[in-house]
Every structure is written in structure tokens, then in C-alpha cells.
Amino acid sequence: MIRATFTASALLVAGLAMGYTASATADDIERGERLSSSCVACHGPGGNSHIPAMYPSLAGRDAGELATLLAAYRDGDIQDSQMTPQATHLSDEDIVDLAAYFAAQEPK
Ligand code: HEC
């Protein structure tokens, strides 16, 4: 039951992100960039992690995948003592914009 809920919710956000990045405007990515200021401490500038084994790199990854993972942390389907508190307050729109921003960054 929990699993089914997770799948439905995560797929919805992922679907939003995929449709959204296809049509992501500079404003959407810019909003994601503003929201990302709290993420860079761990995930590195532009999502290029300094310590990828501990903090996964996010730059240039598939927006749908990033959105699915973020929704899973937010909804408690994946739990991590560091990451969970970062995701609990995010709206669907925040998740989609953050995913669009990191997907648009060049991996280094
Ligand atoms: C305090 C450090 C910290 C901050 C700040 C942080 N994260 Fe994370 N994040 C982590 C850690 C640690 C993991 C890996 C957790 C695990 O292994 O489950 C992670 C995992 C992730 C993942 C999954 C990546 C994967 O490959 O599994 C995504 C997506 C993500 N973070 C996005 C974000 C976003 C977006 C923000 C800002 C809103 C953010 N994180 C802020 C520490 C942080």
C-alpha cells in the first residue's frame, strides 16, 4: 500500500518534471537555482559534488530521476538523516524546478 502510494506520487512528480524540462523556461531554471542555494553545501556548486561517494553529484542527470528521488525523500519512502530534512518542506513545483536546474548543469 505504501509502496503503491509512493509509486503513484513519485511518478506524478517525475511525469511533471519530464514534461516540464521539455518546456522549462529560463525562469523555471532560475527559480530552481534560487532554491538550490541550500543544496550546494553538500552537493557542490551546480550539483558537482566534491565528495561524490558521500554526497551524490546531481549535475546533468535526468530531471525525471532527480524529481523521483526528491519526492521519495520528501514522502519518507527513502530516509536519510542528512537528506530527509532537506526535502520535507519542498512542494511539487519546488521539486520540479530543482530537478530542472540540476539537470541543466554541466557535469564536471
Ligand atoms: C546536509 C547535506 C545535504 C544537503 C544540504 C542536501 N543534500 Fe541531497 N543528499 C545528501 C546525502 C547525504 C544524500 C545521499 C543519501 C542517501 O544515501 O540516501 C543526498 C541525496 C540526494 C539525492 C539523491 C541522489 C541519488 O543519486 O540518490 C538528491 C536528488 C538530492 N540529494 C537533492 C538535494 C537537493 C535538491 C537539495 C537542496 C534542496 C539537497 N539535496 C540538499 C545530503 C544533502
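**Helix α4.** I began with α4, which is mostly covered: nine of its twelve residues are buried, where buried means under 20% relative accessible area, exposed means over 50% and partly exposed lies in between, with a 1.4 Å probe and protein chains only. Helices here are DSSP runs of H or I with at least four residues, numbered from the N terminus. The buried residues of α4 are Ala-63, Gly-64, Leu-66, Ala-67, Leu-70, Ala-71, Ala-72, Tyr-73 and Arg-74. I then checked the length of α4: its twelve residues should span 16 Å at 1.5 Å a residue, and the 16 Å between its end C-alpha atoms agrees. The expected span is 1.5 Å times one less than the number of residues in the helix.

**A note on the model.** I am working from a predicted model, in which local features need pLDDT of at least 70 and side-chain atom pairs count only at pLDDT 80 or more, while totals for chains, interfaces and linings use all residues. Residues are numbered from 1 along each chain as its sequence is written, and side-chain values use heavy atoms, with hydrogens and water left out.

**The core.** Next I asked which residues touch the most other members of the largest nonpolar core. They are Val-13, Ala-67, Leu-70, Leu-90, Ile-95, Leu-98 and Phe-102, out of 19 residues in that core. Such a core is a set of buried Ala, Val, Leu, Ile, Met, Phe, Trp, Tyr and Cys residues joined through side-chain atoms within 4.5 Å. I see that α1 (2–22), α4 (63–74) and α6 (92–103) each supply at least two residues of this core. Leu-90 touches Leu-70, Arg-74, Ile-95 and Leu-98, if I skip residues up to four places away in sequence; contact means heavy atoms within 4.5 Å.

**Aromatic rings.** My search of the whole structure turned up one aromatic pair. Tyr-101 and Phe-102 form it edge-to-face, at 5.0 Å centre to centre with 65 degrees between the planes. Rings of Phe, Tyr and Trp (its six-membered ring) pair if their centres lie within 6.5 Å, and planes under 30 degrees apart count as stacked, over 60 as edge-to-face and the rest as tilted. Both Tyr-101 and Phe-102 are buried.

**The iron site.** Which protein atoms are donors of the iron atom of the ligand? I found His-43 (NE2) and Met-83 (SD), lying 2.0 to 2.2 Å from the iron. His-43 sits in helix α3 (residues 40–43) and Met-83 in the loop between α4 and α5 (84–87), so the pair ties together parts 40 residues apart in sequence. Donors are N, O and S atoms within 2.8 Å of the metal (3.2 Å for Na, K and Ca), and sites may look incomplete because water is not among the atoms. The six donor atoms subtend angles of 87 to 178 degrees, which makes the arrangement octahedral; six donors count as such if opposite ones are over 155 degrees apart and all others between 65 and 115. His-43 is buried at 11% relative accessible area, and Met-83 is buried at 17%.

**Helix α1.** Finally, I looked at Ala-22, found in helix α1, and it counts as exposed at 72% relative accessibility.

Conventions: Tetrahedral: all angles 85-135°; square planar, octahedral: opposite > 155°, others 65-115°.
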